[in-house]
Amino acid sequence: MNNLLPHHLSYRSIRLFIEQRFGGDSARFLANLSDAMNQAVRTDLKGAGILAKRVEELLPFFRGVDRALVLRIGARHRHLSGDAKGALDRYRRAHRSYLRAGEDIAAARVARAMVDVLMYLGRYDQAEQIGRDAARVFRRRKMEFEWAQTICNLGNVYHRKDDNLRALQAYDSAHAVIRTTNQTPALALIQLNRGNILSNLNRLDEAAACYEEALRLYAESGMKLAAAQAEYSLAYLMFLRGQLADSLTKFEKVRTAFEALGDQRGRAQTRLDILEIQLQLNLHTVIEAEAPAVALLFRQLGMRYEQAKCCYFLAKARACLEDTPGALMAIREARRLLNGEVNAVWKGSTDLLEARLLAFSGKSDAARAGALSALTSFRRAGDVRRGAAASLFLADLDIKGNRLLQSHRRLAPFLENDSAYPASVAFEAWWLHGRAQRAAGDNDAAIKSYELAMERAERLVEGVPPDETRIFYLSDKLAVYHELLGLLLEKRRYPAALRVLEDSRHIRRAAYRSAAEKTPTGLLPQALTRRQDELRSRLHRLYGFPVSMDRFAPVSFEVLRRSEDQLWRLVQRGRRLSGTPSSQAGKAASSALDLQTPTGRAVLAFATDGENPYVFILTGSRILCRRLPVGWQRLSDLLTRFYFFIEKNRMPGGFRVSHESEIIASANSQLAELSEAILWPVLADLAGHRDLTFVPFGMLNAVPFHALPLPDGNPLLATHIVRHAVDMTSAISRSPAALPQVLQGEIFSPGRPETREMDEEAAEIHRLFPGSSHFTKDQANGIQLRRSLAKATAFLHIASHASAALDNPIFSEILLNDGPFYAFDLFGHPVRQVLVTLAACQTGRPGVLPSGEIYGLAEAFLGQGAKCVLSSLWTVDDHTARVFMTCFYRRLKEGDGLNLAWTTAVRELRQSHENPYHWAPFVLIGLTN
């Protein structure tokens, strides 16, 4: 750039520079600057911005057509960097100058550029008029290449107006001319635009070929910015094909490329598309936090159309979070911004969303009218994907209104050729078909349709590798398992029902696969890393250390939750940018499940059809199923009351001592009520079986099964062997988890004055197993913990403070000396230890995800490969925990198996503490020998 302009600008220095370099020809000088700008905007917008600023400083020194060219150079940079209003002002001034000078060709070239700018500002009529005028000039002068470029820009306007067929016709006409030239950038651009239209028309393979050719041409020409735009289009195509996790990863990398190149418009558009994908993944709380910021970016860029799309995504997220007033407010804002637009797709989208809200409010007739209007809009635009969504919603309304024949007609096109649609569409179509058949009383046919829906759901899982995506993505698809389970139970098909239950467990859990052994492939931008560190430090201060067992005691709920959500979004982005591997989703394989328990063992697997709780009892090859005498909601109430009384043991010392007998009696009374509801009804079926394996479901993961009293008042563990399994596959395994002969482990403890009992506990375990590694004080940090996870030792023991974030369970955390270690910090990190001991409060207490599924620290460690997790269901006394853990590890040292060591430690603790608060919180999850 230093060679393009004199160092100091003055009339004399400019004239001297032009005389020396260009023989006094100012037109050549400005043409040289124009060529430099063309090159810069294709490769480095930041560098182009520096050049544009210097060029615009030339304006006072030129007049007439020379001044017009200076204006065009500056306008080009502003246009491509997202300043549409600034670009339009300069293009208009240049256009007037050329017209006054009678330079009709130069004026037409400026007009061609103005078409694109006017389009982004939503002034479609003006864009079309000025574009047609320019095209006539070029056609009259037989300038076919210039004519083709102008037709391409007009195609963009038609595309924006959702006139897809007209846009494709324009692009094809331009392509026929441009492909005969050697103009590589123009050919790449036309292929990019053709790909966009073909995507809208659901011709995805043709679109992919266009995008790949554009990317190749741009890469060969060294045009980094344009290549990033082609990558952007390929990312969106992945989204349309249902490759959601891959598309998110590519979008994040493209977004980073746009940021590095200074393309603010591209950066904003990429963030907008990420919102759309997150909507598909049910990441509604993330969208609620992100959408307003993205909308503000588009407002600053003067792009009302994109701003309206942000409002629509926000409205849809709020609707899914059942915030109907907030959703309606966002819809109204979207409609206001779309006022004057002729885009049928987004009119239809707002109509369809409003129809869903009306249906939720019980206004089915108004919902039907809105959905029909939306379907008409989508058909007019030729948008197959959104048209399918409207048709399926109408079929849902038909089923609820008992118009079953009409629903069948709507669903028939999707069922007859479901492979032509994304797996998510096929899934919903078969699910709705099953519901219609069930409503018609044909339960056998309904079962087949539900099974086909499940197959599509499992196909969806295969394409969604990251842990967090897997957790959230299926949240609105799991109800099909509940409904099918209920149908099979009605028909007493218990083995089939158990297999459906097992499939639902598999599809929920992120089971570790070998892909997680790969190392990250990319480096994070420094700004992103710095912001993550700042937020972690802030959360560390907010939680406090030592932490109160009340998660919200240090700060207000809103402050804490807002900081957590900000960190979660940054962590998600960082994982995609760095290539941090994640758990791979495996296809549910219940068909190979051998439903026979080992000799002498009974398995109790709990389930629900959404309203009623059931328990399957497996003894040998015999399968029974019992409906429990209380509803699912009643069980929830009983469990809540039990925890209310158990947590009274945390009250100040004077109150606790004076009311100790009442506290113990109340807790035992609630345990007895729980036992009457879930254990006593099946005791007759368990006669003669003393080895019981419990496979909980949902909230029942918080039940201390070993502490449930029998009718004689003794806890179950006093007379039975009790095991806790995570699924049926492990519950009936012939090869339960066992520790290796050489017992060594990784031990973590805080090493702080206020954690004396924890540190002594860790020291005693280290003395029992001197070959182990003990990390304390500054070494007890998150980095070291991640390193230790990959070591194939017998056990990992973490003694520290912890907290279960029941409202936001991915933020359940263990406090290490460098701050909180969250459940999501495990994502992508294999756990190689057989046993993980989380000697802290509430580490086994599951919280509830927005989907209604349970999750917590124990689930996180099991999901990443731990065979067994020893954890606590509620807050524990430090001294009690030390006594229990010391006994447990001493028994392991003496040769006891995992389950026997746990059983012995619990029984010994009960002998010295009658209060279940002290002796019952520790559970060993995972089938053990």
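Biologist: Which residues in the largest nonpolar core touch the most other members?

Modeller: Please keep in mind throughout that this is a predicted model. As a general idea, nonpolar side chains in soluble globular proteins tend to be buried together. In this case the largest nonpolar core has 306 residues, and Phe616, Phe861 and Phe888 touch the most other members. Helix α6 (residues 104-120) supplies the largest share of this core, 13 residues.

Biologist: Which residues are in contact with Phe888, leaving aside its neighbours within four places in sequence?

Modeller: With those neighbours set aside, Phe888 is in contact with Leu835, Leu870, Leu898, Ala901, Trp902 and Ala905. There is also a second, separate core of 11 residues, and Ala371, Phe378, Phe393 and Leu394 are among them.

Biologist: Let us turn to helices. How many residues does helix α33 have, and what distance does it reach from its first C-alpha to its last?

Modeller: One compares the span of a helix with the span expected at 1.5 Å a residue. Helix α33 (residues 756-768) has 13 residues and reaches 18 Å, close to the 18 Å expected.

Biologist: Which residues of α33 are buried, and what covers them?

Modeller: The buried residues of α33 are Glu757, Met758, Asp759, Glu761, Ala762, Glu764, Ile765 and Leu768. Their cover includes the strands β6 (745-749), β7 (773-776), β8 (795-799) and β12 (835-839), together with helix α36 (878-893).

Biologist: How many salt bridges does a search of the whole structure find?

Modeller: The search finds 56 salt bridges. One case is Asp89 and Arg93, whose side chains meet in a salt bridge at 3.1 Å, N to O. Both residues lie in helix α5 (residues 84-100), four residues apart, about one turn of the helix. Asp89 is partly exposed, at a relative accessible area of 35%, and Arg93 is also partly exposed, at 26%.

Biologist: Which residues are linked in a network of salt bridges?

Modeller: The network links Glu56, Arg78, Asp83, Asp89, Arg90 and Arg93.

Biologist: Where do Glu333 and Arg336 lie, and how many residues apart are they?

Modeller: Glu333 and Arg336 both lie in helix α17 (residues 324-338), three residues apart, about one turn of the helix. They form a salt bridge, with the closest N and O atoms 2.6 Å apart. Glu333 is partly exposed, with a relative accessible area of 26%, and Arg336 counts as partly exposed at 44%.

Biologist: In the salt bridge of Glu455 and Arg456, is Arg456 buried or exposed?

Modeller: Arg456 is buried, with a relative accessible area of 9%, whereas Glu455 counts as partly exposed at 42%. Their side chains meet at 3.3 Å, N to O.

Biologist: Let us consider the backbone. What is the phi of Arg492?

Modeller: Here one looks for a positive phi in a residue other than glycine; the phi of Arg492 is near 60°. Arg492 lies in the loop between α25 (479-490) and α26 (494-508), and is exposed, with a relative accessible area of 63%. Lys777 is another such case, with a positive phi of about 55° although it is not a glycine. Lys777 has its place in the loop between β7 and α34 (782-789), and is exposed at 52% relative accessible area.

Biologist: Finally, how many residues apart in sequence are Leu900 and Asn153?

Modeller: Leu900 and Asn153 are 747 residues apart in sequence, and their C-alpha atoms are 75 Å apart in space. Leu900 is placed in helix α37 (residues 898-912) and is partly exposed, with a relative accessible area of 44%.

Methods
Residues are numbered from 1 along each chain as its sequence is written. This is a predicted model: local features need pLDDT of at least 70, side-chain atom pairs count only at pLDDT 80 or more; totals for chains, interfaces and linings use all residues. Side-chain values use heavy atoms; hydrogens and water are left out. A salt bridge is a side-chain nitrogen of Lys or Arg within 4 Å of a carboxyl oxygen of Asp or Glu. Helices (H or I, at least four residues) and strands (E, at least two) are DSSP runs, numbered from the N terminus. Buried means under 20% relative accessible area, exposed over 50%, partly exposed in between (1.4 Å probe, protein chains only). The expected span of a helix is 1.5 Å times one less than its number of residues. Contact means heavy atoms within 4.5 Å. A nonpolar core is a set of buried Ala, Val, Leu, Ile, Met, Phe, Trp, Tyr and Cys residues joined through side-chain atoms within 4.5 Å.
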